[in-house]
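Please read this briefing with the sequence and the 3D structure open beside it. The points are grouped by topic.

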Amino acid sequence: NGVWQVNENQLVVKSNEIINGQYHLKLNEMRLLHAVIAQVDSREPMETASVYTLNATDFYDLLSDQMTKKNIYLMMKTAADGLLNQTLKVSLEKGYRRINWVSYCDYEPNSGTVRIKFNTDLFDYLAQIKKNFTSMEIRYLMKFRSEYSYRFYELFKQYLDFGKRTLQVEEIRHKLGLEDKYKTTSLLKTWIIDNCVSDINERSDMNIYKVEYIKKGRKTIAF
């Protein structure tokens, strides 16, 4: 597919089944994954042999306010290695399916080039999408300081036309892979929700002006 020429207005388009699924990637894995997804033409079929290439110079152009050029090579290598082991969990009518994001990641240290081939089981969620999808500009995604901001942003972006979205506390723990972290809702609010809302408001095209918490008795169950 050649080397992608950076366009910060490039769109990342994902099926809502991915957005509503369960996955947790580290921050730089998120950055790398979305920079590569931005190369996919979501309107067209994805060829089985499609390989997407990203070099350090172009990637740095998207992240220049986040890190030094010296660090971009190690970051790409570490993110590519990590992404190979990451999975996505999507719901099925009678259960769920767990899918590896990529079939392989090649890394060339001298040129700082990553080549990624998506898992063919992921094609239906990224390509030839006619409905039930969400589009996001890559320039905003690259500015986030937390991997959890990515997930909140796309979950809220999906419902942007409605102006609001209600998420169950246990649902968000599951979607973000936080079942064993931030055990109390107070900790979840302080360290995850509040920080992500600030991150999104400060660095993206979205403004979340109010978060309301829904209680059942004394327990917060949704927001």
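**Briefing on the predicted model**

Y23 is buried, since its relative accessible area of 2% falls below the 20% cut-off.

**Aromatic pairs**

- W101 likewise counts as buried, because its relative accessibility is 0% and the limit for a buried residue is 20%.
- The rings of F152 and F223 have their centres 6.2 Å apart and their planes at 50°, and the pair is therefore classed as tilted.
- F152 belongs to helix α7 (residues 147-158), whereas F223 sits in the segment after β9 (219-222), so this pair ties together parts of the chain that are 71 residues apart in sequence.
- F152 and F223 are both buried, and ring pairs join F152, F156, Y213 and F223 into a cluster.
- Counted over the model, the aromatic pairs come to 8.
- Because Y23 lies in the loop between α1 (16-19) and α2 while W101 lies in the loop between β4 (95-100) and β5, the pair ties together parts that are 78 residues apart in sequence.

**Helix α2 against helix α4**

- Two packed helices are described by the angle between their axes and by the distance between those axes.
- For helix α2 (residues 27-37) and helix α4 (residues 69-83), the axes come within 9 Å and cross at roughly 85°.
- This angle makes α2 roughly perpendicular to α4, because values from 65 to 115 degrees are classed in that way.
- On the α2 side the contact involves N28, E29, L32 and L33, and these meet M75, M76, A79, A80, G82 and L83 in α4.
- Sorted by residue class, the contact of α2 with α4 divides into 7 nonpolar, 2 polar and 1 charged residues.

**Helix α7 against helix α9**

- The contact is made by Y148, S149, F152 and Y153 of α7 together with I192, I193, C196, D199 and I200 of α9.
- The residues of this contact of α7 with α9 comprise 7 nonpolar, 1 polar and 1 charged.

**The sheet β2-β6-β5**

- An open sheet of 3 strands is arranged in the order β2-β6-β5, and its pairing is antiparallel.
- Strands β2 and β5 are the edge strands of this sheet, each of them pairing on one side only.
- Direction ignored, neighbouring strands of the sheet are turned by 15° against each other on average.
- Strand β6 (residues 113-118) is mostly covered, with 5 of its 6 residues buried.
- Strand β2 (residues 52-55) pairs with β6 in the antiparallel sense over 4 bridges, and N55 has T113 in β6 as its bridge partner.
- Strand β5 (residues 102-108) and β6 also run antiparallel and are joined by 6 bridges.
- Among the bridge partners in β6 are I116, which partners C105, and T113, which partners E108.
- In the hairpin of β5 and β6 there are 4 residues between the strands, and G112 takes a positive phi near 65° there.
- Helix α2 lies across β2 and β6 and runs at about 70° to β6.

**An exposed loop residue**

- Where does N85 lie? The residue is in the loop between α4 and β3 (87-92).
- N85 is exposed, because its relative accessible area of 62% is over the 50% cut-off.
- N85 and N100 are 15 residues apart along the chain, and their C-alpha atoms are separated by 7.2 Å.

How values were computed. Residues are numbered from 1 along each chain as its sequence is written. This is a predicted model: local features need pLDDT of at least 70, side-chain atom pairs count only at pLDDT 80 or more; totals for chains, interfaces and linings use all residues. Side-chain values use heavy atoms; hydrogens and water are left out. Axes are lines fitted to C-alpha atoms, for helices over the stretch in contact, and angles run from 0 to 180 degrees between N-to-C directions. Helices (H or I, at least four residues) and strands (E, at least two) are DSSP runs, numbered from the N terminus. Angles under 35 degrees count as roughly parallel, over 145 as roughly antiparallel, 65 to 115 as roughly perpendicular and the rest as oblique. Contact means heavy atoms within 4.5 Å. Ala, Val, Leu, Ile, Met, Phe, Trp, Tyr, Cys and Pro count as nonpolar, Asp, Glu, Lys and Arg as charged, and the others, Gly among them, as polar. Buried means under 20% relative accessible area, exposed over 50%, partly exposed in between (1.4 Å probe, protein chains only). Two strands pair if DSSP finds at least two bridges between them. Rings of Phe, Tyr and Trp (its six-membered ring) pair if their centres lie within 6.5 Å; planes under 30 degrees apart count as stacked, over 60 as edge-to-face and the rest as tilted.
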